[in-house]
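I opened the notebook for a first look at this one. Below is what I looked up, entry by entry.

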2 protein chains.
Amino acid sequence: MTETLAIGAYTDDDTAALRDGFQAHGIAGPDGIAAVDGGLRATVRAVAFKGHKSFGAAEMDLLPKLGLIANYGVGYDAIDVAAASARGIKVTNTPDVLNDDVADLAVAMLLMQGRETIQANDWARSGQWAQKGEYRLNRKMSGGKVGIVGLGRIGREIANRLVGFKMDIHYHSRQEKQTPGWTWHADPVSLAQSVDFLFVALVGGPATEGYVSRAVIDALGPRGVIVNISRGSTIDEAALLDALESGRIAGAGLDVFRNEPKIDPRFYALPNVVIQPHQGSGTVETRIEMAALQRRNVAAYLAGKALETPVN
Amino acid sequence: MTETLAIGAYTDDDTAALRDGFQAHGIAGPDGIAAVDGGLRATVRAVAFKGHKSFGAAEMDLLPKLGLIANYGVGYDAIDVAAASARGIKVTNTPDVLNDDVADLAVAMLLMQGRETIQANDWARSGQWAQKGEYRLNRKMSGGKVGIVGLGRIGREIANRLVGFKMDIHYHSRQEKQTPGWTWHADPVSLAQSVDFLFVALVGGPATEGYVSRAVIDALGPRGVIVNISRGSTIDEAALLDALESGRIAGAGLDVFRNEPKIDPRFYALPNVVIQPHQGSGTVETRIEMAALQRRNVAAYLAGKALETPVN
């Protein structure tokens, strides 16, 4: 009997593990649930969910015995958790195993933006170095003033890395936290006014929609660089594009966007932006860990055991 | 009376400072000394030197009153220091002020190579993300095993940064050094066998010519990544190219090459190499510091005071 529905694009290894471990039935996205045979839908107790398409009340109501949505990824903003809780459906995610990768990419994007490494690589490879001489001077990064919006597990990993670059660390979170001498700001505008490099490490979802507002972006100033590894929704993207195009901030390093993967084409015209295709956790090693954690949650639920990483 | 000869391509600000401070006469390279008027050559006591062209005994002998060669840059392998010492000519360089920038670029190149950020940026910007979906998975960097060849001031700055990435730090230097739990290797082959990521932070010059040999490169293995921010001369470049082309190592991040800027075109065909046009110290802030330190050395010498950063 099929008790598990696997939603999303899985690797061959993960597809095999879901099939062999749970006899899972696979579909591409939550919009495909309605087309699943009614008899099969009636037996589904757990969903292994991967992707960013909305999984809301309507989808849940198509699965009458659903008790678990095991999300692949730390961010579960595609899932209507309130609707799940109202139906007694548990949600799990895959935190922590991806913190290092996401923080690595965040730091890499900051260094790449400031040191113009993509442009410099092009300069050398195109033969301009040989023909015209040195690439233009760019910008010292070590010793800079950096702000983290959201000092959760990933924000802290970013900050820990930046300590080695002698950065002066500031952060904004709802409450002040125990930190080694970092400076807390009660509001994000104050944070942006105090730093040049701003990392956005918020959770996604309605509560943080547009949290990095036009006012925050303007407070950062013309030497400012914004790095976002959270969700496209956390930044007022129209304000960000305006600021990048007009030079009101210096640049950005962005792994996440609104309307991924069909991002606003205005980004393509901006040389001062390092664009990454939402690959923060995109390493072989970490994706294996994420998928294994997702499956451990499914197995625990089906066996009536405690969930490893519950959300609600 | 012109006592200072400024050799190399200086910024407008530096040219003005050399002219206003020292009435310096400027020429493009050491090969132009012979063409300088003999009367002027006879009065030159100090050379402010910038560039990588050879400054040897023949050039020194064209300047009979020369007492100082103040190099712009930490690496002074273009200057024949033994020949200078034999003539009573002092040499200075510009250490320390560039350590941060060079270490920043070294770490950036490692992350860029492992996380394939240039390729991923291209994937997004070219519309392939929108059309074909996610970029391929790459490689976890944090927690890796890293080796530093040459734990001088720059090597140590690199290692300090990598601690924040939870790397297991190994190094090779002539003698074991005081370090916070890092592992010393008496020879570079042993170092390469023990790590995946190998940073080359040696001084240049004849003593380190080809120090990272074919045996060292082969010991690194197929997961190995070499990052070089020292001098092109420190690596057996033919062996490196062979290893990169055949997949005997995974990749490289290179800021320095033999025959810069006309580097071996075999590098251009390698997607697994991050190429930078020798811009390790290439930030506005640091170049100002380097030029100021160079001029302080010239001023100290001409005033008969102690040199700030003597080499010999």
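**Contacts along chain A.** I began with sequence separation: among contacts in chain A between residues at least 6 apart in sequence, 61% join residues at least 24 apart. I keep in mind that this is a predicted model.

**Overall form of chain A.** I counted the secondary structure next and found 12 helices and 12 strands in chain A. Along the principal axes, the C-alpha atoms of chain A fill a box of roughly 65 × 45 × 35 Å. I then checked the radius of gyration: chain A has 21 Å, which agrees with the value near 20 Å that a compact globule of 312 residues would have. As for burial, 52% of the 312 residues of chain A count as buried.

**Domains of chain A.** I looked up the division and got domain 1 (4-97 + 284-302) and domain 2 (99-275). Their C-alpha centres lie 32 Å apart. How many residues of domain 1 of chain A are in contact with domain 2 of chain A? I found 6 residues of domain 1, in contact with 8 residues of domain 2. The domain 1 side of that contact has 1 nonpolar, 3 polar and 2 charged residues.

**Strand 6 and helix 8 of chain A.** I wanted to know how enclosed strand 6 (145-149) of chain A is. With 4 of its 5 residues buried, strand 6 of chain A is largely enclosed by the rest of the structure. It pairs with strand 7 of chain A in the parallel sense, over 5 bridges. In that pairing I noted A:Y171 of strand 7 as the bridge partner of A:I148.

Which residues of helix 8 (153-163) of chain A are buried? My list reads A:I154, A:G155, A:E157, A:I158, A:A159, A:R161 and A:L162. I see charged side chains by class in that list too, namely A:E157 and A:R161. An α-helix has 3.6 residues a turn, so residues three or four places apart point the same way. I also checked what covers these buried residues of helix 8 of chain A, and the cover includes helix 5 (99-115), strand 6, strand 7 (168-172) and strand 9 (197-200) of chain A.

**The sheet in chain B.** I moved to chain B and traced an open sheet of 7 strands in the order 8-7-6-9-10-11-12, with parallel pairing. Strand 8 (183-185) and strand 12 of chain B stand at the edges, each with a single partner strand, so one side of each is left without a neighbour in the sheet. On average, neighbouring strands of this sheet are turned by 20° against each other, direction ignored.

Further in, I looked at strand 6 and strand 9 of chain B, which run parallel and are joined by 4 bridges. Here B:I148 stands opposite B:F199 of strand 9. Helix 8 of chain B lies across strand 6, strand 7 and strand 9 of chain B, and it runs at about 165° to strand 7.

**Where the chains meet.** My last entry is on the interface, where 48 residues of chain B are in contact with 48 residues of chain A. Which elements give two or more residues to the chain B side? I found helix 5 (99-115), helix 6 (117-125), helix 7 (128-132), helix 8 (153-163), strand 12 (273-275) and helix 12 (284-302) of chain B. Helix 5 of chain B gives the most, with 9 residues. By class, the chain B side has 22 nonpolar, 13 polar and 13 charged residues.

Conventions. Residues are numbered from 1 along each chain as its sequence is written. Chains are lettered from A and ligands numbered from 1 in the order in which they are written. This is a predicted model: local features need pLDDT of at least 70, side-chain atom pairs count only at pLDDT 80 or more; totals for chains, interfaces and linings use all residues. Two residues are in contact if their C-beta atoms, placed from the backbone, lie within 7 Å. The radius of gyration is taken over C-alpha atoms; the globule rule is 2.2 Å times the number of residues to the power 0.38. A residue is buried if 20 or more other C-beta atoms lie within 10 Å of its own, exposed if 12 or fewer, and partly exposed in between; C-beta atoms are placed from the backbone. Two strands pair if DSSP finds at least two bridges between them. Axes are lines fitted to C-alpha atoms, for helices over the stretch in contact, and angles run from 0 to 180 degrees between N-to-C directions. Domain bounds come from an automatic or database domain assignment.
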